[in-house]
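Hi,

Here is the structure I promised to pass on. Have a look at it, then read on for what turned up.

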Amino acid sequence: MINEAEESIKKISKPKKGEEGNIIKVAGPVVQAENLRGAEMYEVVHVGEEGLIGEVIELEEDVATIQVYEETGGVKPGEKVVRTGEPLSVELGPGLITEIYDGIQRPLDMIKDETGDFIKRGVDVSPLEHEKKWEFKPSVDKGDDVSTGDILGTVQETNVVEHKVMIPPDKEGTVKEIVDQGEYTIDDTIAVIEDDDKEFEITMVQRWPVRIGRPIADKKAPGELLITGQRVLDTFFPLAKGGTAAIPGGFGTGKTVIQHQLAKWSDADIVVYVGCGERGNEMTEVLRDFPELEDPRTGEPLMKRTILIANTSNMPVAAREASVYSGITLAEYYRDMGYNVALMADSTSRWAEALREISGRLEEMPGEEGYPAYLASELAAFYERAGICELHGGREGSVSVIGAVSPSGGDFSEPVTQNTLRIVQVFWALDTELRNKRHFPAINWLKSYSLYLDQVAEWWGDNVNENWHTLRREGMKLLEKEDELQEIVQLVGPDALPRSDQFALQAARVLREDFLQQNAFHDVDTYCEPEKQFRMLQIMMEFHDRGMKALEEDVKVDDLADMEVLEKLSRMSNVPSDKWEEKYGDIEMHMNKEFDELMEG
Amino acid sequence: MVEDISKRTEYRNVVEVSGPLMVVEGISDVAYNEIAKIKLPSGEERLGQVLEARSNRAIIQVFAGTRGLDTDQTSVQFTGEVMKFGVSRELLGRVFNGIGEPIDDSPDIIPEERRDINGDPINPSAREFPREFIQTGLSTIDGMFTLVRGQKLPMFSASGLPHNNVAAQIARQAKVLGEEEEFAVVFCAMGITSEEANFFINDFERTGALERAVLFLNLADDPAIERTIIPRLALTAAEYLAFDEGMQVLVILSDMTNYCEALREIAAAREEVPGRRGYPGYLYTDLASIYERAGRILNREGSITMIPILTMPDDDITHPIPDLTGYITEGQIVFSRELHRKGIRPPITPDGSLSRLMQQGIGEERTREDHSDVSNQLYAAYAEGNELRDLVAVVGEEALSERDRTYLKFAEEFEERFIAQGGDEDRSIDETLDLAWELLTIIPKRDLKRIDERFIDKYYPG
Ligand SMILES: Nc1ncnc2c1ncn2[C@@H]1O[C@H](COP(=O)(O)OP(=O)(O)O)[C@@H](O)[C@H]1O
Ligand SMILES: [Mg+2]
């Protein structure tokens with residue numbers, strides 16, 4: 001991997017610009033051109049008179065097949081194709097945070113300045129501002145030995161993100177020169193490194209090919225909870241920092257709302273949100289809301305830690321495929337700095353469909369449902385780039401990846417869902433039936449799983465309460481029991497059940513409606529801290545336990561169903577952060593009193 | 001809608017004609033998506049579009065079909081441009097066919113500009129998030145899956161269900177409260193019967209909306225391939241009226257199922273690798289290029305609100321056409337055959353219906369503070385009522401508790417009084433929400449868990 005990356009980098013430093021071929025065929029996003037002997041796989045080319053951006057995806061003799069990242073209507077055979085000598089790459093440096101890019105890292109604001117409210121093609125804009133001056137603070141001295149990943153200095157990129165200017169992956173040596181603290185553009189040389197008899201200059205910007213993961217020193221096992229503030233996730237199906245999760249679900253089941261919730265409330269340092277082939281308005285929503293929303297941990301606007309990549313469904317299909325790679329490369333770059341990064345991709349199915357579309361146009365042998373045979377390996381390679389890692393430069397950082405999956409017809413047996421599930425460690429299964437009942441988030445608690453349970457148990461124990469694991473298991477047992485009982489009820493009605501089972505149904509209902517459900521649009525309920533989650537579950541399970549005891553003392557099921565505390569339990573989730581501890585104490589007391597009274601008869 | 005091309009080369013080397021496609025060789029300088037003019041042996045002329053351009057060969061889809069084409073005398077001229085449509089304010093009140101020719105015997109339009117019918121994607125950072133509540137006067141829609149200005153909200157219907165009546169009623173009654181703005185309707189028929197089309201036209205005429213409407217008609221007996229073009233003409237007109245002329249445009253597309261069938265026909269003729277159930281793998285992308293043209297733009301007056309209508313084959317919501325539509329649009333209004341059978345008109349069911357833009361369009365100052373909570377409660381109560389109906393079918397009503405029976409009653413009354421309403425009954429949002437509260441008194445008050453206590457104190461009847 002690293003060798004491959006080094007190869008690519010070398011190629012970047014020796015561009016073979018200017019070599020040209022000619023188009024011989026245009027069919028949608030796929031173009032063929034001849035006279036391109038010497039062009040390399042995945043090299044970027046400029047297509048046609050307007051210089052549309054494309055990437056070589058197949059070579060045969062001197063004919064290159066190119067996927068074009070812009071619309072090709074009006075492009076003619078005979079027009080030229082110009083090589084750039086560079087693989088599809090992103091520009092890395094200060095100024096990424098708060099930006100919104102298209103799938104190939106063109107800033108949408110700049111495109112807007114160039115072509116107005118509608119995106120026209122052939123726009124050539126730079127990902128980062130090259131004139132802008134940043135305050136650079138050096139952290140090495142002349143004569144220091146440095147190698148890959150070592151920090152030369154820092155730039156305060158936003159109020160909450162300190163950008164670390166690092167030695168690029170293939171370099172090492174002795175600091176020969178380092179600039180004083182001051183204002184520099186990303187192109188200014190801030191250091192000169194001497195390696196044997198070679199010298200090279202370092203600026204604040206580097207380029208990296210998106211299809212190759214950035215090098216790391218070592219991968220570690222995830223174990224720290226990625227706090228999302230969503231009860232059903234954190235308590236029942238937790239994701240660990242550096243882990244992978246998939247959210248499959250039919251349309252309207254809540255994939256995007258969950259992804260937005262994670263982008264807003266998860267305790268990552270940096271969020272990269274990739275809107276891959278989905279709605280324009282959903283990106284606009286993030287773009288308008290995030291600068292206004294306050295990050296509860298820093299008090300700063302959420303936008304100050306966020307990068308958006310928007311390649312919406314009506315934007316060119318090939319760039320959709322590139323968008324997830326652009327996104328993950330940006331995420332890795334911030335991981336290199338030692339941050340915990342979370343990447344949301346909504347939706348990975350659209351990327352898979354883009355693969356299918358291109359593959360179809362190449363007339364490749366189709367696999368299941370027309371997807372190419374390499375779908376599984378592409379997905380695996382992508383998720384593999386997640387992870388909590390030891391990094392060059394002696395830091396640790398993580399990239400967590402959460403991918404939405406949009407199965408056709410809501411049917412999870414389709415290839416994208418199935419291949420994704422083979423890779424990811426956490427599965428949040430969205431359910432159309434729950435959605436229809438307005439049970440949100442519509443995460444099916446019987447189908448979903450997290451393979452990080454044991455690992456994060458320690459985190460819960462250390463940070464919240466050591467009984468978390470047991471309590472969670474009790475809760476889950478109750479929910480499973482409810483499911484079994486429901487089946488019986490469907491056959492014989494509820495009255496035929498033993499009293500304890502009738503009450504179990506009631507207690508499970510409390511868990512289901514008042515714990516699992518969470519209203520993303522409610523000011524308070526939208527985020528629930530782990531301590532609060534634990535306490536809610538504790539009190540609800542106490543309700544169950546005491547109820548069962550009461551039944552032994554011949555208390556009637558109907559009397560339990562009429563308890564006043566039920567309404568209080570149902571409103572627990574809406575108690576604000578500064579009040580819940582006290583209020584929950586009151587509810588618990590009230591509940592115990594009510595039980596005591598019932599038992600006394 | 002094609003410029004004078006008489007001076008351009010006429011190619012006669014047609015080597016293949018199959019399905020809606022023809023192949024011509026010996027050509028040069030032909031662009032992908034370029035429009036071609038085809039002259040038949042009979043002298044008749046048709047338009048086509050290049051689907052694949054090679055150095056000396058082009059595959060052309062012929063809009064009006066290939067009947068009558070031969071490989072001998074048929075000739076082809078290329079127009080040098082992609083499909084364009086001339087736009088101007090004068091479009092209002094006019095009627096066009098599937099390739100954008102006026103068919104209403106009025107004089108030709110002098111366009112302000114001729115635009116590529118494929119349009120360009122709206123830059124996400126130029127979009128204005130849609131938030132203005134549109135009151136349709138229909139309780140289910142306004143109360144539970146609210147439409148906002150700039151939204152794309154399709155109707156998932158099925159053959160024999162009255163989706164046209166509902167669409168026409170919305171077109172008649174839709175208003176943004178407290179605003180007087182210029183509105184327009186763009187109606188695009190794809191493969192529907194002339195009877196259905198006339199129903200809309202007469203309705204527009206009756207209400208005086210016709211002068212403010214642009215009609216694009218491709219009826220059941222018109223060429224199927226033109227169905228792949230016509231919605232793009234309609235949207236080019238809509239974009240002009242909305243974003244250049246500042247009008248509030250409502251676009252009705254009917255029936256998207258016919259559009260998708262036409263796409264499938266072309267894909268099959270090209271022997272493309274099919275995706276699910278024989279539909280092309282790019283159906284999602286293609287549909288998105290239509291639906292995503294709805295919206296609002298920052299600092300521009302107008303808007304495009306889109307109501308695509310589709311009939312679900314076999315009443316199956318998982319069929320690729322409704323499925324992929326639902327993945328793109330901002331919700332859906334689902335029609336139910338079961339409600340229709342029961343005589344509930346309009347048979348719109350909350351089960352599966354959704355408006356994704358509702359949250360931001362309702363609440364204090366927009367509709368009413370209790371709107372969101374009430375809507376959630378209605379959904380939940382109706383879903384519970386429906387579930388109990390299934391149970392009753394097995395164990396009988398006697399086996400139900402007192403509480404459960406109230407939910408059954410709620411479901412009945414909800415259907416009869418909230419969902420059902422007259423074809424000319426225009427309920428205000430206050431009326432809708434008040435009716436909701438009245439119905440919610442049927443279930444136990446303490447079950448109103450989805451509603452904030454403040455609102456219960458303030459709005460609970462009696
Ligand atoms: N946690 C939630 N709380 C409240 N409403 C929700 C929640 N999740 C989803 N919804 C509702 O479901 C709708 C569809 O959700 P969305 O995430 O857009 O679905 P998908 O991306 O799966 O198509 C939302 O517009 C909202 O009305
Ligand atoms: Mg979504």
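Predicted model: local features only at pLDDT ≥ 70, side-chain atom pairs only at ≥ 80, totals over all residues.

A polar backbone atom of A:Gly252 is 2.7 Å from an oxygen atom of ligand 1. On the nitrogen side, a backbone N or O atom of A:Gln518 lies 3.3 Å from a nitrogen atom of ligand 1, and for A:Ala520 a polar backbone atom is 3.1 Å from a nitrogen atom of the ligand.

Next, two helix pairs in chain A. Helix α7 (residues 348–361) packs with helix α8 (residues 375–384) at an angle of about 135°, and their axes are 11 Å apart. That makes α7(A) and α8(A) oblique to each other, and their crossing is right-handed. On the α7(A) side the contact is made by A:Thr348, A:Trp351, A:Ala352 and A:Leu355, while α8(A) brings in A:Leu375, A:Glu378, A:Leu379, A:Phe382 and A:Tyr383. By class, the residues of this contact are seven nonpolar, one polar and one charged.

The other pair is helix α11 (residues 453–463) and helix α12 (residues 468–492) of chain A, whose axes come within 9 Å and cross at roughly 125°. Here, too, the helices α11(A) and α12(A) are oblique to each other. From α11(A), the residues A:Leu453, A:Asp454, A:Val456, A:Ala457 and A:Trp460 meet A:Trp468, A:His469 and A:Arg472 of α12(A). The contact of α11(A) with α12(A) has five nonpolar, one polar and two charged residues.

Most peptide bonds are trans, and most residues other than glycine have a negative phi. Where do the exceptions sit? A cis peptide bond joins A:Phe440 to A:Pro441, with omega about -10°; A:Pro441 is in the loop between α10 (432–436) and β26 (449–450) of chain A. In chain B, the bond from B:Arg345 to B:Pro346 is cis, with omega near -10°, and B:Pro346 is in the loop between α8 (337–342) and β20 (348–355) of that chain. A:Tyr42 is not a glycine, yet has a positive phi of about 65°. You will find A:Tyr42 in the loop between β2 (30–34) and β3 (43–47) of chain A.

Cheers

Notes: Residues numbered from 1 in each chain as written. Chains lettered and ligands numbered in written order. Heavy atoms only, no water. Axes fitted to C-alpha atoms, helices over the stretch in contact; angles between N-to-C directions. Helix = DSSP H or I, 4+ residues; strand = E, 2+ residues; numbered from the N terminus. Parallel < 35°, antiparallel > 145°, perpendicular 65-115°, else oblique. Left-handed = near helix turned anticlockwise from the far one by under 90°. Contact = heavy atoms within 4.5 Å. Nonpolar A, V, L, I, M, F, W, Y, C, P; charged D, E, K, R; others polar. Polar contact = N/O pair within 3.5 Å; in protein donor to acceptor, adjacent residues only side chain to side chain.
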